[in-house]
Amino acid sequence: MSGALQRVAALVRRESGMVLGESQMPALEAALRRVDPKFDAATFLGRAGRDGRALLDRLIDEITINETFFFRERRELDAIDWPRLLDAAQAHGRDAIRVWVAACSSGEEAYTLAMLASEALPRAPLQVSIVATDISPAILEKARQARYGKRALRLVESDVRQRYFVEDADGVQVARAIRDLVEFRRHNLVTDAPPGAPAFDLIACRNVLIYFDGDTVEQVIASLERGLAPRGMLLLGAADRLCGSARRLASGDGARLPPTPVRPLRRPLGRERAEPAPPPERGIDAALAAANQGSLEQTLELTERLLHEDPLDANAYFVRGLAQLGVGDADAAAASLRRALYVDPAFGLAAFQLGRAHERRGDGAAAERAYEQALHTLEPGDGRHDAILDQVDLGDLAGASAMRLKALRGAA
């Protein structure tokens, strides 16, 4: 790699947070040529010194993959409980849900969320306000135009297309009523503060962290958390969960209480095997087996090791939260279980256990919200957490959530 090309890569990283490794240098050279066929790295650096911001923006546009589509990863989006978010917003004196779509690209995600809110909150005027941001001025202008071809619409059902899109000669345009819900702004996730006040009830930052190294991921997540309202929801993406670099989510920032003496960890509904199974040799099964044998300190050690290896492991956060409940550390358990739900908002069993943790903390309102999320997301066909779900019947769990809600509301 030439020294000039290294300097271009460093400039891109400093400005955008994107890390370009050795294997991506040919792609960087190709991006430079797309900006201007006459450009090599040295020429670009010379021009960038004169033309500055606009030229660098064009290069970042060429590097960034902006291909997206409507209703991407729909299961994650269906985990959003819009009525609960509205209740939370109104409890803080706001008349609408505030949403931030970070790194929005060409706008499909922001408009998708506006459509889902319209379906879930049929009352007019719609009580949602969406701020969608991206680093690229060119892609933001495309998003404002809201015109799309067939590829972007490949997951849009026909009735949704009829309600929320207007056909034209080149494809479709998002209907005016949906466009009016979204405001597009330029924003740099790495260098800029969250866009505006008050805080956001929902932040979607999906499939963005894959561009960044671990330190930058920590910085970005810290910024997202600063922008999140106390009862808000942070939604990451499936690709981000696979990147294995977001160490901040594993840091455990919940206040820790003095632990009570270790006692055996009960299964979610209080059912235990007559004889504990021998622990498997490794992985989440080993942590579960240690928990079921009452070895909670060992469980905590095993889950910490798992989270060090993969800081976005929802199962490991879940089991760590169970162990922390078992030793009486409800605050730390709530922090772990919240992280499991950051990583996978449709993890209904984690929401149920979060309700238990909040009850032990004496926060009945937070427990109600967690049990409501459990009822909203529990699905018998969910096979993503088989090692965990093998322990409990989800139908029974839904019944237990409903009973806890009834008890809490009766006590209110």
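A polar contact is a pair of N or O atoms within 3.5 Å, and within protein one of them must be able to donate a hydrogen and the other to accept it. In this predicted model, the side chains of Asp168 and Arg147 are joined by such a contact, at 2.3 Å.

Asp168 belongs to strand E4. Its relative accessibility is 28%, so Asp168 counts as partly exposed; the class runs between 20% and 50%. Apart from neighbours within four places in sequence, the residues in contact with Asp168 are Arg147 and Gln173. The side chain of Asp168 also reaches a backbone atom, the nitrogen of Gly171, at 2.9 Å. Tyr148 is 20 residues away from Asp168 along the chain, and the C-alpha atoms of these two residues are separated by 9.9 Å.

**Aromatic pairs**

Phe70, Tyr111, Tyr148, Phe165 and Phe184 form one aromatic cluster. How many aromatic pairs does a search of the whole structure find? The search finds eight. One of them is formed by Phe70 and Phe165: the ring centres are 5.1 Å apart and the planes stand at 90°, so this pair is edge-to-face. Phe70 sits in the loop between helix H4 (53-63) and helix H5 (74-78), while Phe165 is in strand E4 (residues 165-168), so the pair ties together parts that are 95 residues apart in sequence. Phe70 and Phe165 are both buried.

Tyr111 and Phe184 make another edge-to-face pair, with 5.6 Å from centre to centre and 70° between the planes. This pair links distant parts of the chain, since Tyr111 is in helix H7 (residues 108-120) and Phe184 in strand E6 (residues 182-186), 73 residues apart. Tyr111 and Phe184 are both buried as well.

**Arginines over rings**

Two arginines are placed over the faces of phenylalanine rings, as listed here.

| Arginine | Ring below | Distance to ring centre |
|---|---|---|
| Arg98 | Phe200 | 4.2 Å |
| Arg154 | Phe69 | 3.9 Å |

Phe71 is not a glycine, yet its phi is positive, at about 55°. This residue lies in the loop between H4 and H5, the loop that also holds Phe70. Is Phe71 buried or exposed? At 5% relative accessibility, Phe71 counts as buried, because the limit for that class is under 20%.

Ala103, also a residue other than glycine, has a positive phi near 55°. Its place is the loop between strand E1 (97-101) and H7. With a relative accessibility of 30%, Ala103 counts as partly exposed.

**Helix H2**

Which residues of helix H2 are buried? In this helix, which spans residues 25-35, they are Met25, Leu28, Ala31, Leu32 and Val35. Seen down the axis of H2, the buried residues fall within an arc of 110°, so they line one face of the helix.

**Summary**

Strand E4 contains both Asp168 and Phe165. Asp168 is partly exposed and has a side-chain polar contact with Arg147, whereas Phe165 is buried and pairs edge-to-face with Phe70. Helix H7 and strand E6 are linked by the pair of Tyr111 and Phe184.

How values were computed
Residues are numbered from 1 along each chain as its sequence is written. This is a predicted model: local features need pLDDT of at least 70, side-chain atom pairs count only at pLDDT 80 or more; totals for chains, interfaces and linings use all residues. Side-chain values use heavy atoms; hydrogens and water are left out. Buried means under 20% relative accessible area, exposed over 50%, partly exposed in between (1.4 Å probe, protein chains only). Helices (H or I, at least four residues) and strands (E, at least two) are DSSP runs, numbered from the N terminus. The arc is that of the directions from the helix axis to the C-beta atoms. Rings of Phe, Tyr and Trp (its six-membered ring) pair if their centres lie within 6.5 Å; planes under 30 degrees apart count as stacked, over 60 as edge-to-face and the rest as tilted. A charge sits over a ring if NZ of Lys or CZ of Arg is within 6 Å of the ring centre and within 35 degrees of the ring normal. Contact means heavy atoms within 4.5 Å.
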